[in-house]
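Please consult the sequence and the structure while reading.

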Amino acid sequence: HKFKDTNGDTNVTFNNAGQIAAASLDISGDIDVDGTGNFDTIDLDGNLDMRADDVDAARYIHMPRGGGITFYGDASQHHGIFSRNDSNTTAQDDILITSYGAIYFDLDSNNNNTSNASFEIGKHNTANDPIFMVDGETGHVGINENSLDADLHITGSPVVLKMERAGTRALRMGVPDDSSDFVFADSDDLKTSQRMELTGGGDVHVVNNLGVGTASPSVKLDV
């Protein structure tokens, strides 16, 4: 069994078991694995290294439509795509995912899981404390929360939802970190410029005047 790189520079001979006896294979060009040559798969028990002396040189893996990358392993193992420096020792750079169309994440594609089929974004390798999470079974969305019991579940201290028309007005609502009241305010921490409070006891406190049927109340309650 033989194959050449696309530059025609390398000619490698396999043994009768279909293996390469050398510890590594150094090819300066491309390897085409498409079923039209002597082989259509690469079975690799080790690393596929596409680094070059020029650390800025781009290296790619090209696949046709319908192709894909499959990771194997048991449930105790995590598969990953990592960005590291040229010495392969530390995380170094960004990862860019580019598409000319939509990008799909198909959670629990074989429909046999009742849990743990989620999409999560975390930081500092804290998989059990995600920044953003989508439960693939219920469709619930969580921010800073991984035990989702509502369509949108946000946890924090303070926990603030901000809606803003840029340059015009912003509305903040949520629970500040110094009370259990639900607050509407004009401040990001909800502690100052408060406009209305729903207290833990169920009372409603309106800071300024309240109008019913009027947009310009002149007293505390203007009906």
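Q: In which loop does Phe71 lie?
A: This is a predicted model, in which local features need pLDDT of at least 70 and side-chain atom pairs count only at pLDDT 80 or more, while totals for chains, interfaces and linings use all residues. Residues are numbered from 1 along each chain as its sequence is written, and side-chain values use heavy atoms, with hydrogens and water left out. Strands are DSSP runs (E, at least two residues) numbered from the N terminus. Phe71 lies in the loop between strand E2 (11-13) and strand E3 (118-121).

Q: Is Phe71 buried, partly exposed or exposed?
A: Buried means under 20% relative accessible area, exposed over 50%, and partly exposed in between, with a 1.4 Å probe and protein chains only. The relative accessibility of Phe71 is 44%, so Phe71 counts as partly exposed.

Q: How much accessible area does the nonpolar patch that includes Phe71 have together?
A: A patch is made of residues with over 30% relative accessible area and no salt bridge; nonpolar side chains (Val, Leu, Ile, Met, Phe, Trp, Tyr) are joined within 5 Å, and like charges within 9 Å. Accessible areas come from the Shrake-Rupley method with a 1.4 Å probe, and for residues only the protein chains shown count as cover. Ile61, Met63, Ile69, Phe71, Ile81, Ile95, Ile97, Ile103 and Phe105 form this surface patch, and their accessible area together is about 970 Å².

Q: What kind of aromatic pair do Phe105 and Phe119 form?
A: Rings of Phe, Tyr and Trp (its six-membered ring) pair if their centres lie within 6.5 Å; planes under 30 degrees apart count as stacked, over 60 as edge-to-face and the rest as tilted. The structure holds two such pairs. For Phe105 and Phe119, the centres are 4.9 Å apart and the planes stand at 45 degrees, a pair that is tilted.

Q: How many residues apart in sequence are the parts tied together by Phe105 and Phe119?
A: Phe105 counts as exposed because its relative accessibility is 54%, whereas Phe119 is partly exposed at 25%. Phe105 lies in the loop between E2 and E3 and Phe119 in strand E3, so the parts that the pair ties together are 14 residues apart.

Q: Which strands stand at the edges of the open sheet of five strands?
A: Two strands pair if DSSP finds at least two bridges between them. The sheet has the order E7-E8-E9-E10-E11, with antiparallel pairing. Each edge strand has a single partner, so one side is left without a neighbour in the sheet; these are E7 (159-165) and E11 (204-206).

Q: Which residue in E10 stands opposite Phe184?
A: Strand E9 (residues 182-185) and strand E10 (residues 194-198) pair in the antiparallel sense over four bridges. Phe184 is partly exposed, with a relative accessible area of 23%. The residue opposite Phe184 in E10 is Met196.

Q: Which residue forms a salt bridge with Arg195?
A: A salt bridge is a side-chain nitrogen of Lys or Arg within 4 Å of a carboxyl oxygen of Asp or Glu. The structure holds six of them. For Arg195, the closest N and O atoms are 2.9 Å apart, and the partner is Asp186.

Q: Which residues are linked with Lys162 in a network of salt bridges?
A: Lys162 meets Glu164 in a salt bridge of 3.9 Å, N to O. Lys162 is partly exposed at 38% relative accessible area, and Glu164 is exposed at 54%. The residues linked with Lys162 in the network are Glu164, Arg172 and Asp188.
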